[in-house]
Amino acid sequence: MKTFSIKIFVLLGLLFPVCSCSLLDTEPQDFIDPGTYYDTEEKLDIALNGVYATLAQTTLYGGDMLARMGLSADLGYESYSTDEGTVGYYDASPSDPRILNYWRDLYAGIGRANRLLENLHKPEMDEKERDNIRGQALFLRAYYHFLLVTRFGDVPLVLTVPPSGKLTDVQLPQTPKREVYLRIISDMETAAGLVKPASEVECGGRISQSAVWGILARVCLYMAGEPVNEPGMYAKAKEYAQKVIDTQFHKLNTSFEQVFINYIQDKYDIKESIFEVEFWGNNVGTYTTTAGRVGRDNGIGLSNADLEIGVSPGMIRATAYFLSLFEENDLRRDWTIAPFTYTKETGEKVYQTTNYWIRYCGKFRREYELTSPKSVTYTPINFPILRYSDVLLMYAEGVAADPANASDEELALAYEYLNQVRRRGYGKDIYTPDDAVDFEKESKLDLMEHIKDERARELGFEIMRKDDIIRWGEFLTRMQSIAPSVPESYTSSYYVAARTIYKNAKSRDVLWPIPSYEIGVNRNLVQNKGW
């Protein structure tokens, strides 16, 4: 991790409180008067680091989203009894603290971005650098709104710092989700013209033009599907994915396994990893707020802290359905779903050849960490938000799902991009057709079904699966299909957890409830259906 990444956390305390605050809190929260702070380029950079730091909050990519909020859906289930009766067990309520903190921290990040944008004009500096900061802040504000609208539907669209603490200034009504999406797209399109190309950005921890285009493709796919249902956005998703491809800068790492070892060991590969959340160290010594829980919360279970493998409560396990999606010679299978468990006493690997429900997420393996000693609670492992393989699959989906696209040439290209991802997964040359692994060009309908399974195989446990099956209109069907496959007679805690979760899933779970605390302080908010 480069110096700027550490500064995100170390300098954050100079500007912002340790605890995040609600969008609706009216008491001032900054230690430094923001009206006089933003007067140098260096201070703008520090403020921008504070906007980035939202991504790494424990309530977001730094912890809860990894394994404790049900985002792996039909591919993985939480097995952590402490969380029974919460969102991770599909037993959420409007008072669920994780849902409240998710809401609060994202709006805190939006507030930081707004304050920076409103003070960006103050220092004398190179205008190109000012534009670059503006583009990053605009993108992050839009991305935080995206994380809110996908989980809650209609949400307040907050684009300015409240001028006062008056109720009329802070009690904002929800904006219809379609309008929120349109503003997200507008802000990201503006950001794409301001930030630097990926070839000029040193790592995926900073926003590049490719990161903006790639996330725009994702936003458009989500808007095209349920619940917004704007099928015209499939063409836009394809267009933005093609912009990333056309840079001719990005490419797949030849080793699927190495992609994740790079995250574990803080090695950058922006050609594959276009946008990632950065962490550092083990929260001891000089840097006490820079580590996260990647590989700890979503790691291979091990409780013996005396072993150098690295502790993990193993909160997330794979379903037997997920395992069944892989062919025997798909190298991604045994890296994504660890085929072994550790013995508590010695850390010896015990391979699980028949008990498929016991297997953990294996993508973020603490045994590869370079930090020593390894913390019981924290890790330095980075987490991917956008990889190049996802861009290729999004292009393919933009073609396959677009009812207005009848181009045979684009269909062939979509199959080729899909097959490039598959070839890497099987250890083949990425750009050489291979009859043993390639899907033969068929119809758009066939392509779409291939994409659904390939997204699971390639991106499983990267917390996009619930969003995928929601936008495909398949959430409840897929969740309910898992429950019968969990043997009723098996009483181990993880079987009980799996049965509970998949039986709990209901149609209302496509959205989370608006936190009851927020409704209590903002009478303009309306609760989501079913909650």
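Proline 227 sits in the loop that runs between helix H10 (209-224) and helix H11 (233-246). In this predicted model, the peptide bond joining glutamate 226 to proline 227 is cis, with omega about 5°. A cis bond also leads from serine 372 into proline 373, here with omega near -5°. Proline 373 has its place in the loop between strand E5 (349-351) and strand E6, and E6 spans residues 383-387.

Let us follow E6 to its partner. Strand E6 pairs with strand E2 in the antiparallel sense, over four bridges.

Now for some backbone angles worth a look. Tyrosine 90 is not a glycine, yet its phi is positive, at about 55°. Phenylalanine 461 likewise has a positive phi, near 70°, in a residue other than glycine. Tyrosine 90 belongs to the loop between E1 and H6, while phenylalanine 461 is in the loop between helix H17 (444-459) and helix H18 (465-471).

The loop between strand E1 (76-78) and helix H6 (97-119) also holds alanine 92. Along the sequence, alanine 92 and aspartate 467 are 375 residues apart; in space, their C-alpha atoms are 17 Å apart.

| Residue | Relative accessible area | Class |
|---|---|---|
| Tyrosine 90 | 6% | buried |
| Alanine 92 | 9% | buried |
| Phenylalanine 461 | 4% | buried |
| Glutamate 41 | 32% | partly exposed |

Why does alanine 92 count as buried? Its relative accessibility is 9%, and buried means under 20%. Tyrosine 90, with 6%, is buried as well, and so is phenylalanine 461, with 4%.

Which residues form the negative surface patch? They are Glu41, Glu42, Asp45 and Asp126. Glutamate 41 is part of helix H4, which covers residues 41-53. With a relative accessibility of 32%, glutamate 41 counts as partly exposed, since that class lies between the 20% limit for buried and the 50% limit for exposed.

Definitions and conventions
Residues numbered from 1 in each chain as written. Predicted model: local features only at pLDDT ≥ 70, side-chain atom pairs only at ≥ 80, totals over all residues. Heavy atoms only, no water. Patch = residues over 30% accessible without salt bridge, like charges linked within 9 Å, V, L, I, M, F, W, Y side chains within 5 Å. Areas by Shrake-Rupley, 256 points an atom, 1.4 Å probe, with all protein chains shown as cover. Salt bridge = Lys/Arg side-chain N within 4 Å of Asp/Glu carboxyl O. Lys, Arg positive; Asp, Glu negative; His and termini not counted. Charge placed at Lys NZ, Arg CZ, Asp CG, Glu CD. Helix = DSSP H or I, 4+ residues; strand = E, 2+ residues; numbered from the N terminus. Buried < 20%, exposed > 50% of the residue type's maximum accessible area, 1.4 Å probe, protein only. Pairing = 2+ DSSP bridges.
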